[in-house]
Amino acid sequence: MTYVQMYLQVFFDWVIRASLMASVLVVLIVMIKWMLRNKLLPKWHYLLWLPVVIRLVLPWAPESSFSVYNLLPIKQQLSNESLLGSLDDISNRYERRNQLKNNVDSPSEWTLKGPSDVTVQSAANVPEKHVHAKQSFVDLLSKITLRDILLFGWLLGVIVLSLVTLIANINVYRRIKKQPNVNNPAVLQVFEQCKRQMSIKQPILLTVTDAVPSPAVYGFMKPRILLSRSLIRSMDADQFRYIFNHELAHIKRRDVAMNWLMHVLVILHWFNPIMWIVNARMRADQEVACDALALSHIHAEQKVAYGQTIINLLEHYAGARRYPGLVGLSGNYKHLKRRILMIKHFKKNSFGLSVLGIATVLTVCSFSLVNAQGAPTGSVAITDQTMNAQLKEKVEVAKLPKPGGGQIQSLTVNTAEEAALVLEKYFNLTGFPLMQDEREVPTASYVTTNDSMRVWVGNNKKIIGLDNMKAWKELKNRNETQKEQWISIDQSKEKAIQLAQPFLDVSVQEVQITTTAHPYNDSLIVFDIIPSSEGNLTSDGRFHVTLDRSTGAIMNINPFL
């Protein structure tokens, strides 16, 4: 798996996480809109969707006990720990030159049995298997996981929808880019009056085109209002004024840009039907909000005429296709009654309702734009408080049970067979047939056929680290283990020293050990082991060892050469 694939997987995980949180928020907003349906102004009904948009684009948010996501049974997956854990996976892969991947069970368990005195066997005794296995189609299929299939399916959907959107909007642009501008003096005069009335100084073109039957705004950087020839012939000055007030309201509110943003989010979350429903509901609320803004610039006695103009245009527009780059005096018969009722009861300067709208939006944001608390509280955390306190910063010097080890750092490895001999001689690990890793990695490596074990080799052909891929997979899939069952720190420390000894020079008598907890997974314990010489610590030969406190498994060992 390349780094591009790994980051795609992390991005996909974030999309799923954001989609779930936004779905919860949508249900909550629908309930609030229903309860306050007659008490909120149209613009606040529309702005209530803003927290959903923010939630979908928010890469990170602070954790809070007031978060609505604390009420969910999967709140741990919606905390920052979930996202940071995915990012930490990438960091660890880069640091360890290691790709975490789902795999099948390894032929034998990785367990530490200490440096072994087993005689080095002939390289001929190490089985040679599947040198070209990675090139076979069957082997490729065996490495494809359900997660890979879901990622591929999501990416395929994103690509298809993006192409459909791109092609559709290119076709619209081609149909209108060479169309003439309106040159009717009466229409242009009404248009300029409406612009002054709504305090819009931005240059806006009026384009004549039959590509779009209803009046619409196209573009948000250089907007233009589209009018069909039939409408220009059939509308009078007052009707044009209502049309321009509505279209200019779209421009003033930046609705085209918002529709593009929402359309991109729908493409990313195409698998979630709730996002498609939200997009449609936002469009409907957007039209009502624009009606309200337009009505605020016309006289009260003209409301009926404005409503009649909407009815006529909806009859003309029924069944037309929507594009993210187009907004206008549009909608469907389903929302027509709601718009007419709003126009009928519209009142200017509803200060009290504005205050209610502001309070509602701020309240929704306060408990929806913060994440669930990641660290659980309770008796389990309290019983382990003393143990975790020891891991905040604990540095000590330890005497080795016996001086040094086998000096793995000085061992040159040129073949997979020699790498397998290292596992057997120094760690008593057999049954791991290795092969050259042909993936693009910064350093050379040898892996088992099922990617359950990896031996890292530096540019100088010397061993620089070992990784237990199976243990990382099991940690990722395992539920949180009760902390009372954790292996003690002292036992873990002995195991770390034993693992590091083969990498030490035989003259090393003692080492400095720094014990810390893993920054994003407290079930892991990390040891930095630095050899000391006559009490003076040196920077040479430092080792980074990670152990699983729940199972005792060795996750990895990374000497810093």
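## Cores, ring pairs and selected residues in a predicted model

Lysine 493 is placed in helix H19, one of the elements of a predicted model. With a relative accessible area of 10%, lysine 493 falls under the 20% cut-off and therefore counts as buried. Leaving aside residues up to four places away in sequence, lysine 493 touches Glu396, Ile513 and Phe527. Its C-alpha atom is separated by 9.3 Å from that of isoleucine 525, a residue 32 positions apart from lysine 493 along the chain.

### The chain as a whole

The protein has 561 residues, of which 49% count as buried, and its secondary structure comes to 19 helices and 14 strands. Among contacts between residues at least 6 apart in sequence, 71% join residues that are at least 24 apart. The accessible surface comes to about 27,800 Å², and 59% of this area belongs to carbon and sulfur atoms.

### Nonpolar cores

The largest nonpolar core holds 33 residues, and within this core Leu434, Phe527, Ile529 and Val545 touch the most other members. Two or more residues each are given to this core by helix H17 (416–427) and helix H19 (489–500), together with strands E8 (453–457), E9 (463–468), E10 (510–517), E11 (524–533), E13 (542–548) and E14 (554–560). Another core, of 30 residues, lies apart from the largest one, and its members include Val52, Val53, Ala289 and Cys365. As a general background, nonpolar side chains in soluble globular proteins tend to be buried together.

### Aromatic pairs and a charge over a ring

A search of the whole structure finds 7 aromatic pairs. In one of these, the rings of phenylalanine 12 and tryptophan 154 have centres 5.2 Å apart and planes at 40°, so the pair is classed as tilted. This pair links distant parts of the chain, with phenylalanine 12 in helix H1 (residues 3–35) and tryptophan 154 in helix H6 (residues 146–176), the two being 142 residues apart. Both phenylalanine 12 and tryptophan 154 are buried, and both belong to a cluster in which ring pairs link Phe11, Phe12, Trp14 and Trp154.

The rings of tryptophan 270 and phenylalanine 271 have centres 6.2 Å apart and planes at 80°, so this pair is edge-to-face. Tryptophan 270 is partly exposed, with a relative accessible area of 29%, and phenylalanine 271 likewise counts as partly exposed, at 30% relative accessibility. Elsewhere, arginine 37 lies over the face of tryptophan 34, at 4.8 Å from the ring centre.

### Segments annotated in UniProt

An unreviewed UniProt entry lists residues 14–32, 44–61, 149–170 and 260–278 under "transmembrane region". In the model, the chain over residues 14–32 is 100% helix and 0% strand, with the end C-alpha atoms 27 Å apart. Over residues 44–61 the chain is 67% helix and 0% strand, and here the end C-alpha atoms are 24 Å apart.

### Individual residues

Asparagine 279 is found in helix H11 (residues 273–295), where asparagine 279 touches Met262 and Val266, not counting residues up to four places away in sequence. Its relative accessible area is 19%, and because the cut-off for a buried residue is under 20%, asparagine 279 counts as buried.

Most residues other than glycine have a negative phi. Serine 199, by contrast, has a positive phi, near 55°, and is placed in the loop between helix H7 (185–197) and strand E1 (205–208). Arginine 254 also has a positive phi, near 60°, and lies in the loop between helix H9 (237–252) and helix H10 (255–268).

| Residue | Relative accessible area | Class |
|---|---|---|
| Asparagine 279 | 19% | buried |
| Lysine 493 | 10% | buried |
| Serine 199 | 61% | exposed |
| Arginine 254 | 52% | exposed |

Terms used. Residues numbered from 1 in each chain as written. Predicted model: local features only at pLDDT ≥ 70, side-chain atom pairs only at ≥ 80, totals over all residues. Heavy atoms only, no water. Core = buried A, V, L, I, M, F, W, Y, C linked by side-chain atoms within 4.5 Å. Buried < 20%, exposed > 50% of the residue type's maximum accessible area, 1.4 Å probe, protein only. Helix = DSSP H or I, 4+ residues; strand = E, 2+ residues; numbered from the N terminus. Phe/Tyr/Trp six-rings, centres within 6.5 Å; stacked < 30°, edge-to-face > 60°. Lys NZ or Arg CZ within 6 Å of the ring centre and 35° of its normal. Contact = heavy atoms within 4.5 Å. Areas by Shrake-Rupley, 256 points an atom, 1.4 Å probe, with all protein chains shown as cover. UniProt positions renumbered as here; feature names shortened; annotations may be inferred.
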